[in-house]
Amino acid sequence: MPEILSLNNVTFSYTPEDQNSRNAVDNVSFAVEEGEWIAIVGHNGSGKSTIAKLMNGLLFPQQGDVRVLREPLCEENLWESRSLMGMVFQNPDNQFVGATVQDDVAFALENNGIPFEDMVKRVHDALEQVKMNQFLDHEPHHLSGGQKQRVAIAGALALKPKLLILDEATSMLDPQGRAEVLQTVQTLRAETGLTVLSITHDLEEAMLADRVLFMNDGKKFAEGTPAEIFALGDKLVEFGLDLPFALKLSKLLQKEGVPLMGQHMSEEELVNDLWTSNFNK
Amino acid sequence: MDIKLQQVSYAYAQGTPFEKRALFDVDFDIPSHTYQAIIGHTGSGKSTILQHFNALLRPTSGEVHIGDRLIVAGKKAKDLKAVRQKVGIVFQFPEHQLFEETVLKDIMFGPMNFGVSEEEAKARARQLVSLVGLPDNVLEKSPFDLSGGQMRRVAIAGVLAMDPEVIVLDEPTAGLDPRGQKEIMDMFYQLHQERHLTTILVTHSMEDAARYADNIVIMHEGKNVLSGTPRVIFKDVATLKNFRLEPPRIVRFQHKIEHMMGHPLSKVCLTEEELAAEIAQVLREERAES
């Protein structure tokens with residue numbers, strides 16, 4: 001698989017002159033390959049958002065380099081590189097500029113000098129992909145949080161990015177809004193093979209990814225499939241996260257003396273184990 | 001301190017072409033020392049109602065009793081300072097309200113505005129900083145040099161420094177990591193018990209409402225439509241669906257277990273710990289029978 005983006009031994013400090021301060025990102029390396037869904041998880045202050053800013057050149061590392069399509073990111077290729085990455089941020093109310101949904105999606109296209117005819121088609125296509133094409137002339141502030149984030153995703157998609165970056169994009173949404181956005185991303189992936197990088201501390205969101213990077217205090221603590229990462233168990237809690245729901249309940253059941261064959265990641269596995277180990281006897 | 005809403009309606013931009021009614025004849029009581037959760041779909045009126053609890057908004061009709069103060073529609077209420085001191089609101093993302101040069105000054109700002117002496121305000125700030133889980137050395141730092149989670153704690157300390165009797169929390173953990181969420185919610189619960197506060201939690205998190213609240217009020221399209229203990233509220237899934245709400249994940253999982261067992265458990269379990277204990281109990285009973 002071709003590499004889209006990589007960080008190579010990247011170190012960044014907000015206060016490089018202060019020897020005693022901790023690096024926000026400390027010698028981190030990873031690569032994102034085409035078609036993957038990667039999740040970066042970690043506690044508040046673990047370096048997740050700094051990584052996002054390093055990826056799109058809002059910050060530059062003091063050591064190491066960031067490569068976009070194998071080219072080191074620098075002042076000269078900054079704008080071109082950014083156009084390959086669509087970003088959706090945390091607060092749905094802070095990223096609207098247009099007076100209507102379709103104006104908003106068109107904004108970045110206009111900035112990039114896309115011809116009008118092409119623009120109309122791209123706006124419609126992008127909104128159709130997130131199932132918001134019924135809302136072309138709606139005012140953004142009348143939409144729900146989940147709908148706003150879907151429009152934000154459409155705005156990113158309209159630029160035909162190589163990579164969609166979700167920076168805590170579901171953390172301010174109600175449970176329905178969160179489910180709506182994640183469903184949209186899953187459908188997009190299934191239909192278009194879009195590459196996704198999501199920065200999150202929602203473990204249920206991370207479980208949808210192909211690969212998870214687990215950050216702690218600026219360092220990459222572990223990298224692996226969701227199952228491998230969640231097998232770290234109490235380390236997750238120690239580093240400010242939580243256990244996935246089914247795993248937490250498996251542990252509590254075993255503590256209560258309920259025999260189980262193992263500890264489970266999914267609700268279905270846990271229910272099945274409870275059935276075979278206990279009730280179906 | 002009790003808070004009572006009687007037939008409260010509220011319209012934004014009343015008397016203009018943009019008038020929008022947000023509350024319709026809302027009636028409810030919040031008795032002293034209780035922990036209330038207010039839940040409801042986005043746009044149900046939760047945020048509008050919370051601003052009535054310390055008279056930031058006055059009802060367009062009806063009346064609000066806040067302790068012995070009465071706020072009536074159409075009448076200008078004077079000297080609301082005492083009300084604002086007694087009812088502290090922690091807004092969503094309260095760290096956006098930080099402004100002082102140092103953490104110490106920021107926490108002292110509220111109480112000194114309400115006439116507390118400088119020494120007393122300082123003493124409160126020192127005590128609160130450790131209560132909200134921050135090291136003493138943050139007091140002399142600029143709040144803007146702290147991490148997001150730490151800033152949130154400073155802002156919360158600023159509200160607590162006014163020594164309120166009622167504390168209103170609007171999504172207090174939005175954007176925090178799981179440990180931060182748990183620490184903050186546990187801290188509020190401990191304060192609620194130790195200081196005999198009245199606590200009102202406005203939230204999207206059914207899990208927090210289930211775990212901490214004595215009573216839950218559901219808002220839907222500007223009206224309070226249902227009130228009851230968490231066990232009662234989360235029992236009736238069909239009704240919740242009508243209000244576009246889902247029970248907490250633990251309750252949904254309990255339904256799967258009940259489906260597998262073929263009979264219901266003896267109660268609606270509100271936390272993971274409770275459900276694990278309940279399942280263990282059922283298994284012990286079944287084994288004893290066979």
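Predicted model: local features only at pLDDT ≥ 70, side-chain atom pairs only at ≥ 80, totals over all residues.
Residues are numbered from 1 along each chain as its sequence is written, chains are lettered from A in the order in which they are written, and side-chain values use heavy atoms, with hydrogens and water left out.

**View 1. Fold of chain A.** Chain A comprises 11 helices and 10 strands, assigned as DSSP runs (helices H or I, at least four residues; strands E, at least two). Its C-alpha trace spans about 70 × 50 × 35 Å along the principal axes. Of its 281 residues, 54% count as buried (under 20% relative accessible area, 1.4 Å probe, protein chains only).

**View 2. Interface of chain A and chain B.** In contact (heavy atoms within 4.5 Å) are 32 residues of chain A and 32 residues of chain B. The two chains bury about 2,900 Å² between them, 64% of it on carbon and sulfur atoms; this buried area is the accessible area (1.4 Å probe) lost on being put together, summed over both. In chain A, Phe245(A), Glu267(A) and Phe279(A) lose the most area to chain B, together 21% of what that side buries.

**View 3. Salt bridges across the interface.** Between chain A and chain B there are 5 salt bridges (a side-chain nitrogen of Lys or Arg within 4 Å of a carboxyl oxygen of Asp or Glu). One pairs Glu204(A) with Arg249(B), whose closest N and O atoms are 3.0 Å apart.

Methods:
Buried < 20%, exposed > 50% of the residue type's maximum accessible area, 1.4 Å probe, protein only.
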